[in-house]
Amino acid sequence: MRHDGVKTLLVRAPNWLGDAVMCEPAIRALKGLFPAARLSLLAKPAIGELFAGHQAVDRVLLYEDRGRHGGMMGKWKLAGELRQAGFELAVLFQNAFEAALLAYLGGIPRRYGYATDGRALLLTEPVAVPERRALEHQTHYYWNLLRPLGVTGEPPQPELALLPEEEQAMGRRLGESGITDEDLLIGLNPGSTYGSAKRWLPDRFAETTDALCRRIKEARGRRTAVLILGAKGEESLGQEIARRLSSRSAVLSGATTIRELMAAITRCALLLTNDTGPMHIASAFGVPIVAVFGPTDWRTTAPYGRDHAIVRQPVECAPCLLRECPIDHRCMTGVSVSQVLEAALNLVNRPGKGAEGPQNGEKLAASRGSAPVQAPLEGYTVFLDRDGTLNEDPGYLKSASEVKLLPGAASGLARLKAAGARLVVVTNQSGIARGFLTLKDLEAVHARLQGLLEREEAPLDAIYFCPHHPDDACRCRKPARGMVDRAVAELQIDLRRSYLVGDHVRDIQLARAVGAKAILLTTATVDEKSREALRAQDAVPDAIVPTMAEAADWIIDDAAQRREPSAVSMRSDLIPPH
């Protein structure tokens, strides 16, 4: 596609506030790809407000689906408006069939977007939906749609902007509630328009906030105030929390436009929130965030960028993505005040962040004077086989109920995770090609495995699998390196700082092929004859250990040696002779 030939470009924005913020880097990049084009954003009213005056958007077209564009006649009217505008290209970030249909009926000759929701025939340039073998952040999902058009690298931090007069107006409004520029403002966003399942308990929001305000006042003598935010319909929730607070507060729940909400968020030194659209707005303005996650997937919709903390209670049924919890809401009731308070204190203790950093080196956290947490495996990746390495191997694992962790697996992975390593599973699953299980079965197995590990504070960062038959000669089945190469591309892995743990010769051969250090997991005796067999197959590991716990010990010690070449490994007995 010639970029300089496009003069009129229509962009269909996502419908949800948080999705629109996560899409912002891609919209900005799209403007860079088509600098000569007039970019018009077709969006619902709330999203139109969000992008009003945005640097990449020349015009906002409102899709008033609850007004003049409602019903079939309204859709036809909107299509007529698009025809009159004479757009040459439509880029559809919104995934629905309707988005492609409107672009088609609007006479737009080139229609570009993901081939989702059965709409491929309506797109002139459909883009295959990325396979979800590795979880990716939603920001990357939108960004990757543009890679065939020439976008490269990683998406930047989302950015939003306000006019000075909008900020000044919010300052005057807060002043009427007794909140001044001298107050350190803690923002609360306790609701969720998605459903009650995403809401942490109101009394815990209040208790956490009061404790945080007390700590700030005791340590720094700073005046604090609380700003409670929320959508229409959440007014009573905001008032309930305000009544529980002993700290000064102002309630703006249900009383702001989108632009006013943006202006209010920018005034906050910290935002305590559920997984919501305002959370992503705060991220776009660089406001530190403590987000409580329950039924939604923190790996795909967490606030993008740094200076944020996620607090969650690992349970087997999460993420379920349900609006209402059908059982006991354990994912939220399991999150304690102390967990959220600790996360908030860690953020405000960062120099230059949140509450302007600690004064005279003083920390607010209870553990004053403690040494900084060391992360000896920061920047390292540990690739892991699945069956026989993490869980028992019954042959073909067909059901989630059959997943049983091996002794030492959870504790070993938890140690690696605590040391800063990323954990990535690469597993051959030819049972799919053989018809022994379905992709849905495999997804359930992996969800169960992830749930068990999360409960032990050892969550996996990604799972890659090869579904092909051994006779297919694919590029992903181990010992071929396809799964690792994909992980490198998607997760930005440095193979020079990587390890691979497995229980089979092909795992060691894969490690050799990609330049990772190899650890063979086996309880069998490895005598000299066995070593000769390994040498003959170019599968000599760097270490041989009986459990994942000992593999973790060896990896951590080995990484320490890399940093300190003079150090002597405490686990040198595990290194086999070459």
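This dialogue explains how to read several features of a predicted model.

Q: In helix 8, which residues are buried?

A: One begins with the cut-off: a residue counts as buried when its relative accessible area is under 20%. In helix 8, which spans residues 235–244, Leu237, Gly238, Ile241 and Ala242 are buried.

Q: Why do the buried residues of helix 8 line one face of the helix?

A: The general idea comes from the geometry of the helix. An α-helix has 3.6 residues a turn, so residues three or four places apart point the same way. In this structure, the buried residues of helix 8 fall within an arc of 135° when seen down the axis, so they line one face of the helix.

Q: Which exposed residues does the face of helix 8 turned away from its buried side carry?

A: That face carries Ser236 and Arg243, both exposed.

Q: How are helix 1 and helix 5 oriented to each other, roughly parallel or roughly perpendicular?

A: The axes of helix 1 (residues 17–33) and helix 5 (residues 138–145) cross at roughly 30° and come within 8 Å. Helix 1 and helix 5 are therefore roughly parallel to each other. The crossing in which helix 1 passes helix 5 is right-handed.

Q: Which residues of helix 1 and helix 5 meet?

A: From helix 1, Asp19, Met22, Cys23, Pro25, Ala26 and Ala29 take part. Their partners in helix 5 are Gln138, Thr139, Tyr142 and Trp143. Sorted by class, this contact has seven nonpolar, two polar and one charged residues.

Q: How are helix 6 and helix 9 oriented to each other, roughly parallel or roughly perpendicular?

A: The angle is again the guide, and 65 to 115 degrees counts as roughly perpendicular. The axes of helix 6 (residues 164–176) and helix 9 (residues 258–266) come within 9 Å and cross at roughly 75°. Helix 6 and helix 9 are therefore roughly perpendicular to each other.

Q: How do the residues of the contact of helix 6 with helix 9 divide?

A: One lists the residues that meet, and then sorts them by class. Helix 6 contributes Glu166, Glu167, Met170 and Arg173, which meet Arg259, Glu260, Ala263, Ala264 and Thr266 in helix 9. These residues divide into three nonpolar, one polar and five charged.

Q: With which residues is Ala263 in contact, leaving aside its neighbours within four places in sequence?

A: Leaving those neighbours aside directs attention to parts of the chain that lie further off in sequence. Ala263 is found in helix 9, and at 2% relative accessibility it counts as buried. Ala263 is in contact with Leu162, Glu166 and Met170. Ala263 and Pro164 are 99 residues apart in sequence, while their C-alpha atoms are 9.6 Å apart in space.

Q: Which residues does His280 touch, not counting residues up to four places away in sequence?

A: His280 has its place in helix 10 (residues 277–284) and is buried, with a relative accessible area of 4%. His280 touches Gly18, Val21, Met22, Asp275, Thr301, Ala302 and Pro303.

Q: Is His329 buried or exposed?

A: The percentage is compared with the cut-off for burial. His329 lies in the loop between strand 12 and helix 12, and at 17% relative accessibility it counts as buried. His329 touches Ser196, Ala197 and Arg199, not counting residues up to four places away in sequence.

Q: Which residues does a cis peptide bond join?

A: Here one reads the omega angle of the bond. A cis peptide bond joins Ala318 and Pro319, with omega about 0°. Pro319 is found in the loop between strand 12 (308–312) and helix 12 (330–333). Another cis peptide bond joins Lys478 and Pro479, with omega about 15°. Pro479 is found in the loop between strand 15 (462–466) and helix 16 (482–491).

Q: Which residues have a positive phi although they are not glycines?

A: Among them is Leu321, with a phi of about 65°. Leu321 lies in the loop between strand 12 and helix 12 and counts as partly exposed, at 48% relative accessibility. Asp538 has a positive phi of about 50° and lies in the loop between helix 18 (528–536) and strand 18 (543–545). At 54% relative accessibility, Asp538 counts as exposed.

How values were computed
Residues are numbered from 1 along each chain as its sequence is written. This is a predicted model: local features need pLDDT of at least 70, side-chain atom pairs count only at pLDDT 80 or more; totals for chains, interfaces and linings use all residues. Side-chain values use heavy atoms; hydrogens and water are left out. Buried means under 20% relative accessible area, exposed over 50%, partly exposed in between (1.4 Å probe, protein chains only). Helices (H or I, at least four residues) and strands (E, at least two) are DSSP runs, numbered from the N terminus. The arc is that of the directions from the helix axis to the C-beta atoms. Axes are lines fitted to C-alpha atoms, for helices over the stretch in contact, and angles run from 0 to 180 degrees between N-to-C directions. Angles under 35 degrees count as roughly parallel, over 145 as roughly antiparallel, 65 to 115 as roughly perpendicular and the rest as oblique. A crossing is left-handed if the near helix is turned anticlockwise from the far one by less than a right angle, and right-handed if clockwise. Contact means heavy atoms within 4.5 Å. Ala, Val, Leu, Ile, Met, Phe, Trp, Tyr, Cys and Pro count as nonpolar, Asp, Glu, Lys and Arg as charged, and the others, Gly among them, as polar.
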